[in-house]
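This briefing concerns the structure shown below. The points are grouped by topic.

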Amino acid sequence: MPEHPAPARERVALPGLWFGFLAGPLGWTVQTLVDSAVTSHGCFPQLLPLSTPTIGGLRGILFAVSLGAIVLCIAGAVVAWRDWARTREEHHAGSGRASEHAQPTALLETGEGRTRFMALSGVLVSVTFLIVTVAHTASIFLVTPCQTV
Amino acid sequence: MSAVLAEAAPVDRLNEIWETPRGWRGSISSVDHKTIGKRYLVTSIAFLVIGGLEALMMRSQLAVSGERMLSAGAYNELFSMHGVTMIFLYAAPVLSGFSNYIWPLMLGARDMAYPRLNALSYWTYLVAGIFLYTSLPLGAMPNAGWFDYVPYASREYNPGLNIDFYALTMILLAVSTTVGSINFITTLFKTRAPGMSLNRMPIIVWGTLTASVANVFALPALSAAAAMLFLDRRIGTHFYDPAAGGHPLLWQHLFWMFGHPWVYVIVLPAMGIVSDALPTFCRRPLVGYTFVALATVMTAMIGFGVWLHHMFATGIAPLALAFFGAASIFITIPSAIAVFAWLGTLWDGKPWYPAPMKFMLGFIALFVIGGVSGVMTAAVPFDWQLTDTYFVVAHLHYVLVGINVFPVIAGVYYWFPKMTGRMMDERLGTWNFWTLFIGANLVFFPMHIVGLLGMPRRIYSYPAGLGWDAYNLIETIGAFVFAAGVALFAFNVWISRRRGRIAGPNPWDAGTLEWSVSSPPPPYNFAVIPTVGSRHPLWEDRLGEGSARSVLAKGPLLADGRETFATTPLDAEPSAVLQMPEDTYVPLALAVSIGIIGYGLLFGLWWLAAIGGIAAAACAIAWLWPARVEKDDRQIETEFGELPVGSSGRHSVGWWGMACVVATEAAFFGYLLFSYFYLGSLSTNPWPDDVPRIGLPILNTLILIASSVAVWFAGRGIRRNRNNHLVAWLGTAIVLGVVFISLQLVEYGREKFSMTHDAYGSLFYTITGFHGAHVLVGLVMLVVVFVRATLGHFRPGRDEAVRNVSLYWHFVDAVWLVVFTSLYITPHLR
């Protein structure tokens with residue numbers, strides 16, 4: 001090919017790029033599935049709802065899982081950010097306006113080179129899922145776990 | 001092979017290679033993506049019209065209070081068929097139509113990765129549609145809503161064939177959609193033009209890719225739910241029967257685990273249509289490409305974690321509600337990103353407003369209204385007040401009509417010139433837009449108000465004096481105005497097809513690759529394979545794109561048969577020359593066979609189902625058998641280096657397809673095992689009351705593991721160029737697989753509980769039975785590969801089929817370990 005679409009691909013490891021992209025969603029998925037299953041079973045173990053959960057320390061368990069999810073989101077964001085920083089030279093490799101005409105929004109409009117596109121994607125995905133995960137965690141302390149019957 | 005100028009390419013030869021013969025034989029055997037795409041579009045829009053007629057009948061009934069034109073039973077059937085038709089037979093297939101038609105043209109390929117699978121997807125879809133509407137003359141149309149809640153749908157309350165039609169149609173459509181999705185995923189990752197890296201793809205491609213991945217993981221939930229419902233109704237199992245350890249809420253969980261991702265399946269590609277077409281009419285690239293591409297992906301990701309918001313009123317623990325309520329609110333972030341990107345593109349561009357642009361602007365307005373009402377229902381207390389009212393009907397129609405129908409019609413106006421070579425009539429288009437836009441708002445906006453006034457969904461009539469009459473009359477008038485708009489659209493298509501202005505290759509001055517070829521495109525799509533250097537190959541000079549340049553007028557010819565490039569997943573570097581299949585009747589025959597199985601199961605004619613099964617197996621074997629076997633390791637020299645012909649290496653096109661099959665089947669077993677643990681957690685009795693014995697299953701597990709080892713040795717044998725090792729180890733694996741199945745049958749005969757004993761028995765036999773069916777399919781594949789090995793079809797580097805069957809067999813064995821642990825071990829731990 002005349003010019004490779006990812007000239008900085010050797011500078012970052014592909015598993016790192018994928019980790020940056022998938023760590024946040026993975027953390028949130030585990031948090032949602034485990035926390036909702038534990039809550040549902042604790043508050044509604046069989047066919048009748050309870051006002052007090054059958055599982056002792058329910059909030060602690062939920063918070064521990066959520067903390068793990070938050071750490072995973074942050075780790076994804078950090079790895080993706082480092083990859084993004086390492087691939088600055090791909091600034092010229094993507095589609096969009098040539099560097100001498102580049103506007104401040106060029107990065108978001110073009111994604112620049114493929115490596116940089118994936119790294120930036122990892123940053124954005126991780127930060128978004130961090131927000132969702134933190135909101136989820138906050139609800140553990142703001143909402144009564146079981147129905148008041 | 002040096003690069004050839006496009007104008008010097010031997011187009012007669014390319015035509016001869018790629019053109020489908022005229023006549024009915026060519027028609028039913030064609031695997032051309034353009035033909036299949038147009039068929040999808042026409043068929044799905046025909047179903048849109050049918051679903052629309054059903055809606056008009058319902059709106060006529062509800063126009064005034066106390067109307068009795070339709071009985072309650074007929075009304076139930078109509079709203080169920082309307083929903084099923086629109087959601088399953090129109091909204092998703094119409095987007096498949098667009099994607100099938102334009103993907104290879106946008107991606108710079110000569111066809112989809114699996115042309116035969118593409119044809120199978122369409123024919124199975126058509127068979128499913130015909131199958132569903134067979135219920136009309138039989139007077140047994142589905143009547144429990146498009147979501148078919150149990151216990152309305154149980155045999156006890158719904159003894160006719162109605163729900164059986166529904167359950168089997170869902171399974172047929174799942175087959176169609178799954179194979180179509182696998183085709184899209186593989187096409188995207190393996191057959192893009194050289195240079196089209198991930199960050200250079202059009203947004204609609206992101207939309208369809210995301211929807212396809214969602215399908216792979218979501219559809220198995222529907223298949224599992226529908227299969228269990230059919231078994232409950234026809235065999236007497238107890239998945240949804242609380243009297244025997246089952247639970248009706250299991251249906252709701254499974255249905256919405258599928259259903260909410262499906263909502264995004266039917267809107268994300270449509271949003272992609274707008275993201276690609278709107279910049280054309282703003283004369284500038286889309287603002288925030290990276291954000292919009294990511295918004296598409298993130299919407300689908302979060303879409304998997306919000307299914308419970310359809311079940312807020314089912315008595316779930318408050319904290320669990322809070323988790324899903326929060327996710328349902330945050331899913332608006334990516335949607336809002338897309339809206340702001342479109343507005344930014346309008347703001348920063350120089351927009352002009354032909355008919356497709358009008359529909360896109362209408363879409364944005366309806367999307368915002370539908371989105372806002374969606375956020376409102378994400379708030380749990382608000383949702384409790386509105387569940388099962390017309391407010392929800394208003395929301396879902398704003399979403400589906402706004403985000404699907406409007407972009408679809410915009411897409412037809414936009415790509416009609418490419419498909420036919422003629423422009424659609426602009427004046428009719430303007431009338432068409434305003435009729436549909438006014439009609440949609442007239443029919444759906446008042447539904448918010450009557451919903452807030454307390455009018456419930458799915459009532460066939462209502463008394464006067466509740467304050468609903470005027471709103472309902474307006475809605476009915478709006479429905480007929482909307483129908484007039486659809487008729488106007490159909491008329492415009494018909495008249496423009498005959499008398500429309502000649503379009504030329506690029507009538508909108510668009511920037512993507514499909515506009516670089518003639519309108520309509522030639523059978524081979526591209527005379528030479530293009531090389532892509534940017535996201536807008538046709539706008540590069542104007543935009544002052546970076547140093548990379550697309551090369552469209554010169555490139556590799558690839559004309560020794562139906563050929564196109566296989567490229568690498570991320571950067572689209574050429575890795576091989578693919579040999580594509582010729583036209584064939586097998587996809588149609590396979591789809592018909594699957595339909596015969598469906599009718600056999602529906603009417604309880606087991607012999608008919610068996611005939612269908614045997615025919616399907618014969619078709620599958622014919623499919624798997626290669627049309628030609630390369631006798632030498634042919635390589636050709638290209639400007640991208642020396643490339644193998646007919647085999648694409650370790651992670652080949654076939655491997656990608658098999659990997660997708662494994663993923664979707666893994667999800668299927670995941671949903672079955674979720675059902676097992678969910679029902680187990682709800683059981684008030686010791687469950688199961690008679691645990692299975694584990695001696696024989698342990699032996700069987702060891703046998704299956706040994707078969708996996710044998711398959712691994714078989715693969716190693718061919719990699720070391722020892723065909724006799726390949727044959728011997730494959731034979732060993734086949735024998736071990738047969739022994740496994742035999743011992744499983746022995747075990748079934750020894751167990752004290754039956755499939756109809758209780759929910760545990762139902763789950764035990766269903767899960768192990770489905771696993772056994774997978775082992776049988778694996779055995780058929782192993783036998784085909786074994787026979788081919790004895791004929792000397794494989795060599796090192798030419799062993800795709802061995803690699804693919806190995807992947808499947810290892811998967812089947814891995815699933816067994818999870819099934820074994822869940823069904824046999826966990827009962828002993830209670």
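B:Pro520 lies in the loop between helix H17 (469–499) and helix H18 (540–543) of chain B; helices (H or I, at least four residues) and strands (E, at least two) are DSSP runs, numbered from the N terminus. This is a predicted model, in which local features need pLDDT of at least 70 and side-chain atom pairs count only at pLDDT 80 or more, while totals for chains, interfaces and linings use all residues. Residues are numbered from 1 along each chain as its sequence is written, and chains are lettered from A and ligands numbered from 1 in the order in which they are written.

**Loops of chain B**

- The peptide bond that leads from B:Ser519 into B:Pro520 is cis, with omega near -5°.
- The loop between H17 and H18 of chain B also holds B:Asn525, a residue other than glycine whose phi is positive, near 65°.
- B:Asn525 counts as buried because it has 24 C-beta neighbours inside 10 Å; a residue is buried if 20 or more other C-beta atoms lie within 10 Å of its own, exposed if 12 or fewer, and partly exposed in between, with C-beta atoms placed from the backbone.
- B:Asn721, in the loop between helix H22 (695–719) and helix H23 (723–750) of chain B, likewise has a positive phi, of about 60°, although it is not a glycine.
- B:Asn721 is exposed, because 12 other C-beta atoms lie within 10 Å.
- A cis peptide bond, with omega about 10°, joins B:Val150 and B:Pro151; B:Pro151 is in the loop between helix H5 (115–133) and helix H6 (162–190) of chain B.

**Chain B as a whole**

- Chain B contains 25 helices and six strands, and its C-alpha trace spans about 75 × 75 × 50 Å along the principal axes.
- Of the 830 residues in chain B, 57% are buried.
- Contacts (C-beta atoms, placed from the backbone, within 7 Å) between residues of chain B at least 6 apart in sequence join residues at least 24 apart in 81% of cases.

**Surroundings of B:Ala211**

- B:Ala211 belongs to helix H7 (residues 203–234) of chain B and is buried, with 30 other C-beta atoms within 10 Å.
- Beyond its neighbours within four places in sequence, B:Ala211 is in contact with B:Tyr264, B:Val265, B:Leu268 and B:Pro269.

**Interface of chains A and B**

- Contacts between the chains involve 50 residues of chain A and 47 residues of chain B.
- On the side of chain A that touches chain B, helix H1 (14–43), helix H3 (106–110) and helix H4 (114–142) each supply at least two residues, and H4(A) gives the largest share, 13 residues.

**Packing of H1(A) and H4(A)**

- H1(A) and H4(A) pack at an angle of about 15°, with their axes 7 Å apart; axes are lines fitted to C-alpha atoms, for helices over the stretch in contact, and angles run from 0 to 180 degrees between N-to-C directions.
- H1(A) and H4(A) are therefore roughly parallel to each other, a class for angles under 35 degrees, with over 145 as roughly antiparallel, 65 to 115 as roughly perpendicular and the rest as oblique.

Key. Contact = placed C-beta atoms within 7 Å.
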